Amino acid sequence: MQIPKTDGTRFRKFSFAEVFGFAVLIAVLAVMSARWLFPLGYRAEVNAAAARYGLEPSEVYAVIKAESNFDPRAKSRAGALGLMQLLPSTAEFCAKLCGMDDYEKEYVFDPEKNIMLGCCYLGYLKERFDGRYVYAAYNAGEGRVRLWLDGGGNIPVKETADYVVRVTRYKKIYELLYGL
């Protein structure tokens, strides 16, 4: 039996153009997949509410992604509702704070109103806390975060610490993917 002679490689050589084209295809698919995982839902509502309350759209999208993954009918075990997962008492407080005189409990399931109320609350918290404590307060409540700050500033609740990391990471992803 005669063994065929080879140049020592088992694969054909690819041209630079072929390799470059394949790399571009992979990059495009990666960005498309990331944009599917990190959508820009409710864009007009987010932009309007973010502008009204001095927020970056990327952080609003990050909170929505972390809280409800863009499900306007989301309900948590703790009783938080809607896209931005507002407790009924928080939603009512924010309705008064932002001058929503016609507030009704069902507003938490209306994306436009939920985003407005959630951004009002996020803006309120940004006036009271710095950095990661804004997201900690959104998750765990203003009172708890004040206690943590008085006790040295550590976030002792793993769920809240993980939430802060997740929102911060999502915010960066939205900034990188969409230039927000």
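Guide: A residue is called buried when its relative accessible area is under 20%, exposed when that area is over 50%, and partly exposed in between, using a 1.4 Å probe and protein chains only. Tyrosine 42, with 27% relative accessibility, therefore counts as partly exposed. The model is a predicted one, in which local features need pLDDT of at least 70 and side-chain atom pairs count only at pLDDT 80 or more, while totals for chains, interfaces and linings use all residues. Residues are numbered from 1 along each chain as its sequence is written, and side-chain values use heavy atoms, with hydrogens and water left out.

Visitor: What share of the 180 residues of the protein counts as buried?

Guide: Of these 180 residues, 39% count as buried.

Visitor: How are helices and strands assigned, and how many does the protein have?

Guide: Both are DSSP runs numbered from the N terminus: helices are H or I with at least four residues, and strands are E with at least two. The protein has 8 helices and 0 strands, and its pattern along the sequence reads α-α-α-α-α-α-α-α.

Visitor: Which residues of helix 2 are buried, and what covers them?

Guide: Val46, Ala49 and Ala50 are buried in helix 2. They cover an arc of only 100 degrees around the axis, so they lie on the same side of helix 2; the arc is that of the directions from the helix axis to the C-beta atoms. The face turned away from this buried side carries the exposed residues Ala44 and Ala51. Contact means heavy atoms within 4.5 Å, and the cover over the buried residues of helix 2 includes helix 3 and helix 5 (111-128).

Visitor: What does serine 58 touch, leaving out residues up to four places away in sequence?

Guide: With those left out, serine 58 touches Lys171, Tyr174, Glu175 and Leu180. Serine 58 belongs to helix 3 and counts as buried because its relative accessibility is 0%. A polar contact is a pair of N or O atoms within 3.5 Å; within protein, one must be able to donate a hydrogen and the other to accept it, and residues adjacent in sequence count only if both atoms are side-chain atoms. The side chain of serine 58 makes such a contact with the side chain of glutamate 175, at 3.3 Å.

Visitor: Which helix gives the most to the lining of the largest pocket?

Guide: Helix 8 gives the most to the lining, with 5 residues.
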